[in-house]
Amino acid sequence: MQTTNKQTQLNNNIPEWPDGALGVSSAALTSRFHLTLKSGNVKTGPIPVSTSSNTTCPDACPLKSKGCYASAGGPLALHWKAVSENGRGDDWQTFVTRISALPSGQLWRHNQAGDLPGENNQIDTDALAQLVDASAGKRGWTYTHKPVTGDGNEATCNRAAVRQANERGFTVNLSADNLSEADELKNADCGPVVVVLPVGSPLAMSTPAGNKVVVCPAQRPESKATCATCGLCQRQRSVIVGFLAHGPQARAASAIAKN
């Protein structure tokens with residue numbers, strides 16, 4: 001896929017990797033990326049959703065080894081394994097081309113499993129720029145556990161890349177594992193924040209710093225909301241969206257959220 005003027009502009013806006021940092025070339029990516037044009041997940045609703053292989057997941061995520069809903073069994077876990085281990089899906093350039101072909105205004109979710117492109121904790125800024133460009137005019141969103149706080153090279157570049165993605169219309173939510181971390185991510189000021197909440201948490205609350213948290217509308221009692229009908233996570237917003245720990249590994253995720 002050739003680099004467009006918009007993509008070049010976005011790449012230029014993202015700071016270059018500092019000397020000594022380990023940049024990852026998007027051409028060297030070995031991960032697989034699968035696009036489902038119409039999701040059958042009742043929580044998501046019938047919108048396009050993607051899945052990235054588990055090599056994109058950062059060690060910074062405490063749910064990676066225990067508590068991740070996407071690896072807890074069932075159809076999604078089987079699908080994720082096929083993408084991660086059996087080559088299901090596309091290479092990066094083909095995947096980005098398929099995102100470009102989505103209709104204007106289309107609401108779509110990147111990564112029902114997986115994280116932003118790049119190995120481990122590091123975002124591949126070139127690849128993210130391509131994705132943001134491909135999603136221009138559409139309503140795309142995702143979540144990331146890649147580190148964006150601190151003064152190190154990795155976090156600094158990740159933070160700049162996430163900020164640029166959000167400013168250009170592709171919403172990257174920063175994933176917190178407890179309310180205190182939600183405050184830290186809020187202070188990073190590079191994107192909206194979501195947080196895992198322990199089972200039984202109230203539907204509305206505040207973080208230790210006083211930031212407002214509301215539980216995902218789809219998890220509210222008697223709610224019929226889906227990602228397709230809600231779209232809250234796709235919006236640039238001040239409120240933090242909370243996800244109650246759920247699924248077969250809810251207990252493990254809930255324990256992490258209580259820390």
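Me: Is Gly105 buried, partly exposed or exposed?

Reply: Gly105 counts as partly exposed, because its relative accessibility is 37%. Buried means under 20% relative accessible area, exposed means over 50%, and partly exposed is in between, using a 1.4 Å probe and protein chains only. Before going on: this is a predicted model, where local features need pLDDT of at least 70, side-chain atom pairs count only at pLDDT 80 or more, and totals for chains, interfaces and linings use all residues. Residues are numbered from 1 along each chain as its sequence is written, and side-chain values use heavy atoms, with hydrogens and water left out.

Me: OK. Where is the place of Gly105?

Reply: Gly105 is in the loop between H3 and E3. Those labels are DSSP runs numbered from the N terminus: helices are H or I with at least four residues, strands are E with at least two.

Me: And which residues does Gly105 touch?

Reply: Leaving out residues up to four places away in sequence, Gly105 touches Gly137, Lys138 and Arg139. Contact here means heavy atoms within 4.5 Å. The C-alpha atoms of Lys138 and Gly105 are separated by 4.3 Å, though the two are 33 residues apart along the chain.

Me: What about Lys138, buried or exposed?

Reply: Lys138 counts as buried, because its relative accessibility is 11%. Lys138 is in the loop between H4 and strand E4 (139-144). Besides Gly105, the residues that Lys138 touches include Ile99, Leu102, Pro103 and Trp108, not counting those up to four places away in sequence.

Me: Let's zoom out. How many helices and strands does the protein have?

Reply: The protein has 8 helices and 9 strands. Of its 259 residues, 53% are buried.

Me: Which residues touch the most other members in the largest nonpolar core?

Reply: Those are Phe95, Ile99, Leu128, Leu131 and Val162, in a core of 35 residues. Helix H4 (residues 125-134) gives the most to this core, with 5 residues. A nonpolar core is a set of buried Ala, Val, Leu, Ile, Met, Phe, Trp, Tyr and Cys residues joined through side-chain atoms within 4.5 Å.

Me: What is Leu131 in contact with?

Reply: Leaving aside neighbours within four places in sequence, Leu131 is in contact with Trp92, Phe95, Ile99, Trp108, His110 and Phe170.

Me: How do the axes of H3 and H4 cross?

Reply: The axes of helix H3 (residues 92-100) and H4 cross at roughly 20° and come within 8 Å. The two helices are therefore roughly parallel to each other. On the H3 side Trp92, Phe95, Val96, Ile99 and Ser100 meet Ala127, Gln130, Leu131 and Ala134 in H4.

Me: And which way do H4 and H5 run, parallel or antiparallel?

Reply: H4 and H5 are roughly parallel too. The axes of H4 and helix H5 (residues 153-167) cross at roughly 5° and come within 10 Å. Thr125, Leu128 and Val132 of H4 make the contact with Cys157, Ala161 and Ala165 of H5. Axes are lines fitted to C-alpha atoms, for helices over the stretch in contact, and angles run from 0 to 180 degrees between N-to-C directions. Under 35 degrees counts as roughly parallel, over 145 as roughly antiparallel, 65 to 115 as roughly perpendicular and the rest as oblique.

Me: Last topic, H2. Which strands do the buried residues of H2 pack against?

Reply: They pack against strand E1 (33-36), strand E2 (49-52) and strand E3 (107-113). The buried residues of H2 are Leu76, Ala77, His79, Trp80, Ala82 and Val83.
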